[in-house]
Amino acid sequence: MKQSSRAKRLAKHHKRFKAGGKLNLVALMDIFTILVFFLIVNQSEVRVLQNIEKIKLPVSIAEELPVENLVITVLPDTVLIQERAVWQNSDDKPNFSEQENAQFIAAITTELTYQASKRVELTESEKEKGRAVTIIGGSDTPYLVLKQIMAACAETGYRNMSLAVERQASKTQSEG
């Protein structure tokens, strides 16, 4: 029996809706794949400096977030560059003598020169401001030590220096 075109269309329409709803997983898989890549890429956006319990960072009202730089960590008896110990105080002397200063500066300069040689190409910003470095030192770190580290950094081309601080909670209008 021959059906009219309207009857064929209605039969096709009833057959389509009789089958029930289907879940299209292909579209969901695409969305989840994109979501996973988005989370992986943006995970590195959150940068947390090393949390060393021995160091009590100075408090500041700084607004800028830390960026990924070469990190120099100053502990009471050790100096680390990129988590590698480059200098250790052999004695339990709290202060540096003039002879130790020369060894101290030489050790830091050698490591900074090595770190600079690992990446020879400089960006336009680095050519203008110098290579970036973040110095993490406790609030009790002597100024003499920081001054020597900053001098070694400037000597090796790391002129864009940042000091790690603990951000002070901002005061609200009702408190201030």
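Which residue follows α1, and is its phi positive or negative?

A: The residue that follows α1 is Gly20, and its phi is positive, near 90°. Before going further, note that this is a predicted model, in which local features need pLDDT of at least 70 and side-chain atom pairs count only at pLDDT 80 or more, while totals for chains, interfaces and linings use all residues. Residues are numbered from 1 along each chain as its sequence is written, and side-chain values use heavy atoms, with hydrogens and water left out.

Helix α1 covers residues 5-18. Helices (H or I, at least four residues) and strands (E, at least two) are DSSP runs, numbered from the N terminus.

Attention may now turn to the salt bridges, of which the structure holds three. A salt bridge is a side-chain nitrogen of Lys or Arg within 4 Å of a carboxyl oxygen of Asp or Glu. One of them joins Arg84 and Glu111 at 3.4 Å, N to O. This pair links distant parts of the chain, 27 residues apart: Arg84 belongs to strand β4 (residues 84-88) and Glu111 to helix α3 (residues 98-118). Arg84 is partly exposed at 45% relative accessibility, whereas Glu111 is buried at 6%.

Another salt bridge brings together Lys127 and Glu124 at 3.9 Å, N to O. These residues are three apart in helix α4 (residues 124-129), which means that about one helical turn separates them. An α-helix has 3.6 residues a turn, so residues three or four places apart point the same way. Both Lys127 and Glu124 are exposed.

Helix α4 also contains Glu126, whose side chain forms a salt bridge with that of Arg119 (2.4 Å, N to O). A polar contact of 2.4 Å also joins these two side chains; the term denotes a pair of N or O atoms within 3.5 Å, where, within protein, one must be able to donate a hydrogen and the other to accept it, and residues adjacent in sequence count only if both atoms are side-chain atoms. Glu126 is buried, with a relative accessible area of 15%, while Arg119 is partly exposed at 40%. Not counting residues up to four places away in sequence, Glu126 touches Arg119, Glu121, Arg131 and Arg159, contact meaning heavy atoms within 4.5 Å.

Definitions and conventions
Buried < 20%, exposed > 50% of the residue type's maximum accessible area, 1.4 Å probe, protein only. Expected span 1.5 Å × (residues − 1).
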